[in-house]
Amino acid sequence: MRTKAIIYLDNFKNNLNLVKTRVGQDRRICVSVKANAYGHGALQIARESLKAGVYCFGVAAVPEGEELRKGGIKAPILLLSQPHPNEIPGIIKANLIPIISDSEFIVILNKQAAAAKVKLEVHLKIDTGMGRIGCPALEALELARQIKKSPALKLTGTATHLAVSDSADIRDLEYTKQQITRFKKAITAIKAAGIDPGIIHAANSGAVILHPDAWFDMVRPGILLYGYKAVQEFELPLNHLKKLMKLKSLMVEPVMELRSTVSLIKKIKKGESVSYGRTWIAGKDTYMAILPVGYADGLPRLASNKWYVSISGGIYPVIGRICMDQCCIDLGEKPNVERWAEAVIFGSDIVPEEPELPIIYHSAAALAETVGTIPYEITCNINRRVPRLYK
Ligand SMILES: *Cc1c(COP(=O)(O)O)cnc(C)c1O
């Protein structure tokens, strides 16, 4: 097989159990499976999650919800983005829970739900400082009232989203605290008016790591479950760290490993160039391997001349421009690599057996850092033509 993504479901299960232990077994979990579960396969991830007792799922688009329903997922599904009115029939049919930010949409939704003779669950979204969807905190009570008065709608949750929960910077910790305070105030006002806000939720992965105050009734982690920590606890200022000391560090493991195959080995003479743009020129005679993986598969072109792959226990640099479907690897003067050997493009960090040797950072998070992005974008971009193999 040319290139494949191995999905280690055991790692996912372990990561999920670590999160459950951290937030408490009784707290509900909404697993973020939008964008095909960040490239890992939404249906397989959802099935594995349900085995571990997860409560619900978060998707961004109606077809993502439909895919889960077709696959037999019966758990609640939150639609985390603002849909278009012409998507409402699909929402009703797939029994998705839309997230409400404004009065106009409540009217539209109530009308369509009434016409379809259903009582549609909705969650109210409050913008406490994310600056994206959600209503201003001061309007939350008014919207909760409007939902309550809408005969075809039922308010079963109230949520907010945190902008900098994954930052250990002292100003960002303070900003998150402010967001939580605003959220709590709005919830208090809703309750004081005799309205049940339903399930209260705010925490993404960053907040699962750093902000127990944001856990409320349910947490909504994504990236952490796929094995990437947006933030390390040890980066925290000391007083915050002490508070978190009771909690164990979350030793999550990457769930995805991208593998390819050495499809060709060639001799390259000193002075010869490799790939488009001639950005790499051999300083001496060497051997080169071709891997049938490129930016169309999701290996970022910006990693050209910057990344390393692991083949048969050795680490070898990517040389020259990464092409759409292929890339080139320098095997050195005396290659220890056989044709058709498997190459790991990214996966877990490589810890050498000799303790004095450095760890080779080789996860999607390390690749992301190399090209100036975040691990989310790396795993999401692994193209559909790359088969997922579940282990
Ligand atoms: C994507 C998303 C999450 C999960 O975020 P992570 O950073 O992956 O944990 C949580 N809540 C909302 C509203 C989201 O859109």
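Visitor: Is Tyr 361 buried or exposed?
Guide: Tyr 361 counts as exposed, because its relative accessibility is 53% and the cut-off for exposed is over 50%. Keep in mind that this is a predicted model.

Visitor: Where is Tyr 361 found, then?
Guide: Look in the loop between β19 (342-346) and α11 (364-371). Tyr 361 also forms a nonpolar surface patch with Val 351 and Ile 359, and together they have about 320 Å² of accessible area.

Visitor: On to rings. How many aromatic pairs are there?
Guide: Searching the whole structure turns up four. Ring pairs join Phe 12, Tyr 38, Tyr 226 and Tyr 376 into a cluster.

Visitor: And what lies over the face of Tyr 55?
Guide: That's Arg 28, at 4.3 Å from the ring centre.

Visitor: Switching to helices: which residues of α7 are buried?
Guide: In helix α7 (residues 140-149) they are Ala 140, Leu 143, Ala 144 and Ile 147. They sit on the same side of α7, because they cover an arc of only 105° around the axis.

Visitor: What does the face turned away from the buried side carry?
Guide: Glu 142 and Lys 149, both exposed residues.

Visitor: How many salt bridges does the structure hold?
Guide: Nine. One of them pairs Glu 48 with Lys 51, with the closest N and O atoms 3.2 Å apart.

Visitor: How are Glu 48 and Lys 51 placed in helix α3?
Guide: They're three residues apart in α3 (residues 42-51), so about one helical turn separates them. Glu 48 is buried, at 9% relative accessible area, while Lys 51 is exposed, at 67%.

Visitor: Which parts of the chain does the Asp 297 and Arg 385 pair link?
Guide: The two side chains meet in a salt bridge at 2.7 Å, N to O. Asp 297 is in the loop between β15 and β16, and Arg 385 is in the loop between α12 (375-380) and β20 (388-390), so the pair links distant parts of the chain, 88 residues apart. Asp 297 is buried at 0% relative accessibility, and Arg 385 is partly exposed at 38%.

Visitor: What network are they linked in?
Guide: A network of salt bridges that links Arg 2, Asp 297, Asp 325 and Arg 385.

Visitor: Last one: what's the phi of Ala 37?
Guide: Positive, about 55°, although Ala 37 isn't a glycine. Most residues other than glycine have a negative phi. Ala 37 lies in helix α2 (residues 34-38) and is buried, at 0% relative accessible area.

Conventions:
Residues are numbered from 1 along each chain as its sequence is written. This is a predicted model: local features need pLDDT of at least 70, side-chain atom pairs count only at pLDDT 80 or more; totals for chains, interfaces and linings use all residues. Side-chain values use heavy atoms; hydrogens and water are left out. Patches are made of residues with over 30% relative accessible area and no salt bridge: like charges are joined within 9 Å, nonpolar side chains (Val, Leu, Ile, Met, Phe, Trp, Tyr) within 5 Å. Accessible areas come from the Shrake-Rupley method with a 1.4 Å probe; for residues, only the protein chains shown count as cover. A salt bridge is a side-chain nitrogen of Lys or Arg within 4 Å of a carboxyl oxygen of Asp or Glu. Helices (H or I, at least four residues) and strands (E, at least two) are DSSP runs, numbered from the N terminus. Buried means under 20% relative accessible area, exposed over 50%, partly exposed in between (1.4 Å probe, protein chains only). Rings of Phe, Tyr and Trp (its six-membered ring) pair if their centres lie within 6.5 Å; planes under 30 degrees apart count as stacked, over 60 as edge-to-face and the rest as tilted. A charge sits over a ring if NZ of Lys or CZ of Arg is within 6 Å of the ring centre and within 35 degrees of the ring normal. The arc is that of the directions from the helix axis to the C-beta atoms.
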